[in-house]
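Q: I've got a structure open and I'm new to this. Can you walk me through it?

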Amino acid sequence: VFENNVLPGVYGAGGVQTLMNVYGIKPGNVGLIVGSGNVGLILTYQLMQAGIKVAAIVEAMPRIGGYFVHAAKVRRLGVPIYTRHTILRALGKKQVEGAIIAKLDENWKPVPGSERKIECDFICVAVGLSPTHELLYQAGCEMKFIPELGGFVPLRTRHNETTVEGLYVAGDVAGIEEATAAIMEGKIAGLHAAIKLGYGGEEAKKELDEAIKDLEDFRTGPFGERIVRGLEKCLILEG
């Protein structure tokens with residue numbers, strides 16, 4: 001939340017990607033990116049490929065959130081990344097005409113006198129994703145807030161079946177993770193649903209066990225530790 005964040009020209013990062021990649025529309029001429037996770041870094045590169053200038057990337061954390069290879073790419077192209085900074089307000093009356101950013105102290109408060117004006121005509125907010133859980137609430141699924149997975153997610157079995165029998169989840173609705181994991185979760189859910197309906201026999205059960213092992217292997221290593229911790233808090237035993 002920041003002052004004037006309702007001005008035309010303030011976008012979510014995914015909205016800008018849709019404008020460019022689906023409709024071929026430029027969101028503006030000079031952009032400011034808020035958030036240095038992989039989405040913010042990759043969006044910066046996509047904007048520059050489209051001939052759009054990126055004035056800066058602003059990151060509240062003391063370090064870049066995305067992979068080093070993405071950050072190095074945009075830095076080589078001359079885009080400054082301001083860590084420990086945040087946006088205070090968007091400038092303009094009818095549309096974005098600039099932005100004011102400021103440095104943050106150790107308590108996440110703006111440092112007086114550190115304000116800086118950024119010339120831009122649009123602002124992209126890329127500060128994290130949240131699970132799309134609205135339909136699950138309507139369906140009556142039991143939900144739980146799990147920070148490691150990005151927010152409220154459904155309790156479910158190791159086969160991704162929720163507390164509502166026959167309702168499965170996969171992808172960001174189950175927790176924010178990589179696209180590869182979403183595909184693997186979908187395979188597990190589909191196989192288990194088929195088996196419950198009496199299809200596939202022993203061959204399907206074997207394929208299901210292999211799919212579960214593949215996903216567990218994918219989540220090994222430092223990048224999967226957070227996800228595994230979160231899953232331990234939302235897994236339930238199958239009835």
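**A walk through the model**

A: Let's start with one residue. A189 sits in helix α5, which covers residues 179-196. Keep in mind that this is a predicted model.

Q: Is A189 buried or exposed?
A: A189 is buried. Its relative accessible area is 7%, and the cut-off for buried is under 20%.

Q: Which residues does A189 touch, leaving out those up to four places away in sequence?
A: A189 touches H159, N160, Y168 and V169.

Q: And how far is A189 from S130?
A: Their C-alpha atoms are separated by 21 Å. Along the chain, A189 and S130 are 59 residues apart.

Q: Let's zoom out. How many helices and strands does the protein chain have?
A: It has seven helices and ten strands.

Q: What box do the C-alpha atoms fill?
A: Roughly 65 × 40 × 35 Å, taken along the principal axes.

Q: What share of the residues is buried?
A: Buried residues make up 40% of the 239 in the chain.

Q: What about contacts between residues 24 or more positions apart?
A: They account for 56% of the chain's contacts with a separation of 6 or more.

Q: On to helices. At what angle do α2 and α3 pack?
A: About 35 degrees. Helix α2 is residues 38-49, helix α3 is residues 68-76, and their axes are 9 Å apart. The crossing of α2 past α3 is left-handed.

Q: Which residues make that contact?
A: From α2, the residues are N38, L41, I42, T44 and Y45. From α3, they are H70, A71, K73 and V74.

Q: How many of them are nonpolar, polar or charged?
A: Five are nonpolar, three are polar and one is charged.

Q: Tell me about T44. Buried or exposed?
A: T44, in helix α2, is buried, with a relative accessible area of 0%.

Q: What is T44 in contact with, leaving aside neighbours within four places in sequence?
A: T44 is in contact with I33, V54, I57, V74 and V79. V74 also belongs to the α3 side of the helix contact.

Q: Which residues of α3 are buried?
A: H70, A71, A72 and V74. Their cover includes α2, β3 (53-59) and β4 (81-83).

Q: What comes after α3?
A: G78 follows α3, and the phi of G78 is positive, near 90 degrees.

Q: Where else do positive phi values turn up?
A: N4 is one of the places, with a phi near 65 degrees, and N4 is not a glycine. Most residues other than glycine have a negative phi. N4 lies in the segment before β1 and is partly exposed, at 31% relative accessible area.

Q: What is the phi of W108?
A: Near 65 degrees, a positive value, and W108 is not glycine either. W108 lies in the loop between β6 (98-103) and β7 (116-118). With 43% relative accessibility, W108 is partly exposed.

Q: Back to helices. Which residues of α1 are buried?
A: Helix α1 is residues 13-21, and A13, V16, L19 and M20 are buried there. They lie on the same side of α1, because they cover an arc of only 120 degrees around the axis.

Q: Why would residues a few places apart point the same way?
A: An α-helix has 3.6 residues a turn, so residues three or four places apart point the same way.

Q: What do the buried residues of α1 pack against?
A: They pack against β1 (10-12), α2 and β8 (122-125).

Q: Now strands. In what order do β5, β6 and β7 form their sheet?
A: The order is β5-β6-β7, in an open sheet with antiparallel pairing. β5 (85-91) and β7 are the edge strands, each pairing on one side only. From one strand to the next, the twist averages 30 degrees.

Q: How many bridges are there between β5 and β6?
A: Six, in the antiparallel sense. In one of these, T86 has A102 of β6 as its bridge partner.

Q: And β2, how many of its residues are buried?
A: Four of the five residues of β2 (residues 30-34) are buried, so β2 is largely enclosed by the rest of the structure.

Q: How do β2 and β3 run?
A: They run parallel, joined by five bridges. The bridge partner of V30 is K53 in β3.

Key: Residues numbered from 1 in each chain as written. Predicted model: local features only at pLDDT ≥ 70, side-chain atom pairs only at ≥ 80, totals over all residues. Heavy atoms only, no water. Axes fitted to C-alpha atoms, helices over the stretch in contact; angles between N-to-C directions. Helix = DSSP H or I, 4+ residues; strand = E, 2+ residues; numbered from the N terminus. Left-handed = near helix turned anticlockwise from the far one by under 90°. Contact = heavy atoms within 4.5 Å. Nonpolar A, V, L, I, M, F, W, Y, C, P; charged D, E, K, R; others polar. Buried < 20%, exposed > 50% of the residue type's maximum accessible area, 1.4 Å probe, protein only. Arc of directions from axis to C-beta. Pairing = 2+ DSSP bridges.
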